[in-house]
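Here is a predicted model, taken up in short questions and answers. Please look it over first.

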Amino acid sequence: MLGQRSCFGSRLRVTVPGGLPDGVLRGPVPTRLFATLLMKHLWLLPVLVLSACAEGGKEDRPLSEVTVQSPHHLFALRSQISLGALPIATDTVVTQHGTLNLFDDSTYTLTQNASTSGADRYALATDGAFSIFVTGNATEPSTLFLGAYGQVANEPDYFFTDRVSTPNSARVGMFFGTRVVSGQIELEGDWHLLSLHTIFGQSLLSPSNIGRAAHGQVTMGDGDPGTTRTIMGMGFQGTSGLTFGGTVANLLDGEGNGDGSLSMSLSYQLAGQSADSRAIQSAATDNVIFGVDENDGDGEAGFVTMIRQFDAPTTPVDSVRVPGTFLVGGHTVFVNPSNAGTDAFVGVVTLTPQFRFTLDATGNSGADFTYTGTWVLADDGGMTITIDNTNETWFAAIDLSYNTFAFVDDFEELRQNNTPELNFGFGVRRKDT
């Protein structure tokens with residue numbers, strides 16, 4: 001199930017003692033504070049309006065400005081806000097994959113494990129703002145999951161976020177995916193890789209035993225359609241070098257047709273250590289791979305995405321087409337061993353032609369936060385984002401259509417509130433209306 005949550009608009013605001021140099025006040029929130037920190041926060045009001053939903057009042061839910069009739073791959077990870085003391089318990093995180101079915105009457109269903117849910121409603125605005133409505137029951141009020149769905153250049157990638165925690169359903173997180181395709185996906189070539197994992201069962205008090213973020217570049221080998229390809233590449237986990245390996249295949253039927261689903265095994269290897277191989281539930285378009293490393297007992301769970309590189313220097317990225325506004329969502333892991341936790345956020349990334357970067361977002365607490373900095377573009381579509389004040393660098397990439405954008409913060413920074421964080425974000429370009 002997507003989960004039953006409290007009515008959107010009910011949020012918790014927390015001010016972390018000490019503050020941050022850049023004004024970002026975030027951190028894991030103890031559940032016991034929920035009853036006293038309740039606040040209202042409204043966003044996306046023109047798309048879908050709920051009148052007093054938590055109180056059982058009349059609901060006003062207009063239909064979408066845009067409707068969709070298609071199945072979509074869906075991958076998700078949701079976590080407890082407080083992860084507790086090390087070792088992190090596996091039951092703090094749940095993962096899932098399935099099919100999100102959107103219909104042109106503004107309803108959706110979710111198919112998982114050969115079972116399909118009843119229909120509920122969605123709303124999609126012309127600019128790409130996307131809402132998933134989950135009807136409540138006698139004990140849990142209704143809620144909205146807020147996100148975005150690509151509306152530019154027929155690039156139907158999407159995400160939505162679950163940022164509401166209640167005693168009966170305490171996890172927050174993100175869902176993302178893309179429209180199911182029909183046919184074959186050619187995987188050969190070079191890809192940017194971005195990932196963020198929560199780590200289970202490690203007792204040594206180290207940030208890397210709570211969360212690990214990574215980025216790099218991998219190459220997938222050639223072969224006939226549907227055959228297994230090798231994955232090889234290099235990257236970083238923070239400042240430590242990584243070697244990537246593994247295999248991937250586009251899953252096809254006996255007639256050579258598929259829906260974009262992949263079989264993927266991806267390994268991470270730090271220098272002097274054994275390779276850590278992980279099965280990734282995943283699906284692809286020609287430009288982007290979506291995946292989740294499921295919580296299946298192998299010691300970690302997390303998001304993985306890959307974005308196909310521009311073929312520099314033959315056809316390098318066009319820097320003029322990159323700037324713009326992207327609707328983004330994301331997942332955060334707070335890696336202080338004495339205060340480990342997670343968050344989910346939704347917001348807007350702005351990339352200006354003057355190479356300024358801004359992320360304006362709202363986390364599970366309801367508090368707004370902002371990161372500012374600069375961005376530098378590589379010919380292959382990768383970006384280095386330098387954040388003001390905290391002296392950290394993030395990695396990002398834009399896809400070949402210039403409309404899908406992902407970033408990862410794998411930099412373990414020093415903060416005045418002693419709450420270093422790792423972030424994974426995904427978004428789509430907002431359509432001008």
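Q: Is asparagine 418 buried, partly exposed or exposed, and what is its relative accessible area?
A: Buried means under 20% relative accessible area, exposed over 50%, and partly exposed in between, with a 1.4 Å probe and protein chains only. Asparagine 418 lies in the loop between strand S26 (404–409) and strand S27 (421–429); helices (H or I, at least four residues) and strands (E, at least two) are DSSP runs, numbered from the N terminus. Asparagine 418 counts as partly exposed because its relative accessible area is 47%.

Q: How far apart in space are asparagine 418 and asparagine 339, C-alpha to C-alpha?
A: The model is predicted, so local features need pLDDT of at least 70 and side-chain atom pairs pLDDT 80 or more, while totals for chains, interfaces and linings use all residues. Residues are numbered from 1 along each chain as its sequence is written, and side-chain values use heavy atoms, without hydrogens and water. In sequence, asparagine 418 and asparagine 339 are 79 residues apart. In space, their C-alpha atoms are separated by 9.0 Å.

Q: How many helices and strands does the protein chain have, and what share of its residues is buried?
A: The protein chain has zero helices and 27 strands. It has 433 residues, and the share that counts as buried is 59%.

Q: Which residues of S8 point the other way from Ala129, Ser131 and Phe133?
A: In a regular strand, side chains alternate between the two faces of the sheet. Strand S8 (residues 129–134) is mostly covered, with six of its six residues buried. Ala129, Ser131 and Phe133 point one way, and the other way point Phe130, Ile132 and Val134.

Q: Which residue of S9 stands opposite isoleucine 132?
A: Two strands pair if DSSP finds at least two bridges between them. S8 pairs with strand S7 (residues 120–124) over three antiparallel bridges, and there tyrosine 122 stands opposite isoleucine 132. S8 also pairs with strand S9 (residues 143–149), antiparallel, over six bridges. In S9, the residue opposite isoleucine 132 is phenylalanine 145.

Q: Which residue in the turn between S7 and S8 has a positive phi?
A: S7 and S8 form a hairpin with four residues between them. The phi is about 110 degrees, and the residue is glycine 128.

Q: What is the bridge partner of aspartate 293 in S19?
A: Strand S18 (residues 288–293) runs antiparallel to S19, joined by six bridges. The two form a hairpin with six residues between them, and glycine 297 in the turn has a positive phi of about 95 degrees. The partner of aspartate 293 in S19 is glycine 302.

Q: Which strand gives the largest share of the lining of the second largest cavity?
A: On a 1 Å grid over the protein atoms alone, a cavity is a set of points where a 1.4 Å probe fits but cannot get out, and lining residues have an atom within 4 Å of a point. Grid points are joined across faces, edges and corners, and a volume is the space filled by probe spheres set on the points. The second largest cavity has a volume of about 30 Å³, and its lining includes Ser195, His197, Tyr268 and Arg278. The largest share, three residues, comes from S13.

How values were computed
1 Å grid on protein atoms, 1.4 Å probe; cavity = no way out; pocket = protein on both sides within 12 Å on 5 of 7 lines; lining within 4 Å.
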